[in-house]
Amino acid sequence: MNIEVKLTGLNEAYIIKNMYPLYLHDLSGHYGLVEGHTPNRHGVFEDDDECRTLADQYEVQNIWWEKPGILYPFLIRVDSLPAGFALIATPPHCAQGVNYFVNDFFLLQPFRGNGIAETAAVEVFERFRGEWELFTNPAAKNITGQKFWRKTVARYTQNQYTERAGETFDGNMLAFRFNNRIK
């Protein structure tokens, strides 16, 4: 199995944009009927009713390709097939003291459960050195995501990380922080 994690340009942006609605749908299952995680009145997973179609939602994602050197949209491929994505943000799009923030990380269902996500996450971590942060939902419905990040970050850092549950700029989250400057 060949796993490739590649920074995308505008020529491949559509692939991540195609998967993004699936990611938002996936997240909604972790939150239930909570505002911000239900579809708008047009059936699109967006916070407002301005997005009437998935084509409109495509435009919302453009920011990831408009700020090179600040926002990093990675496409994950397995045996040349699109399998997921990792969207990495840097200041000013993350908390103070954080150099790299895992804004979004997603793997399509058929590719889960066989180490692809961990391999891809580690590849992304290895691309940048500094203080990292990532969030996941602390709810019981997201126990799989919590276990994944706990295992992945613990292995990658050899248990040199912090984990805390509480309020963040993105609501109540389980936050992981680690520094990979020296490895």
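In the predicted model, I116 touches M1, I3, I76, V78, L107 and F111, residues up to four places away in sequence not being counted. I116 is part of helix 4 and is buried, its relative accessible area being 1%.

Aromatic rings were examined next. A pair of aromatic rings is described by the distance of the centres and the angle of the planes. The search of the whole structure gives 22 aromatic pairs. One of them is formed by F74 and F128, whose ring centres are 6.2 Å apart; the planes meet at 70°, so this pair is edge-to-face, the cut-off for that class being over 60 degrees. The pair links distant parts of the chain, with 54 residues separating its members. F74 belongs to strand 2 (residues 71–78), whereas F128 is in the loop between helix 4 (116–127) and strand 5 (131–136).

F74 is buried, with a relative accessible area of 1%. F128 has a value of 11% and is also buried, because buried means under 20% relative accessible area. F128 forms a further aromatic pair with W132, at 6.3 Å from centre to centre and with 50° between the planes, and this pair is tilted. W132, like F128, is buried.

F74, F128 and W132 are among the members of one aromatic cluster, which also includes Y72, Y100, F125, Y156 and F178.

Note on methods. Residues numbered from 1 in each chain as written. Predicted model: local features only at pLDDT ≥ 70, side-chain atom pairs only at ≥ 80, totals over all residues. Heavy atoms only, no water. Phe/Tyr/Trp six-rings, centres within 6.5 Å; stacked < 30°, edge-to-face > 60°. Helix = DSSP H or I, 4+ residues; strand = E, 2+ residues; numbered from the N terminus. Buried < 20%, exposed > 50% of the residue type's maximum accessible area, 1.4 Å probe, protein only. Contact = heavy atoms within 4.5 Å.
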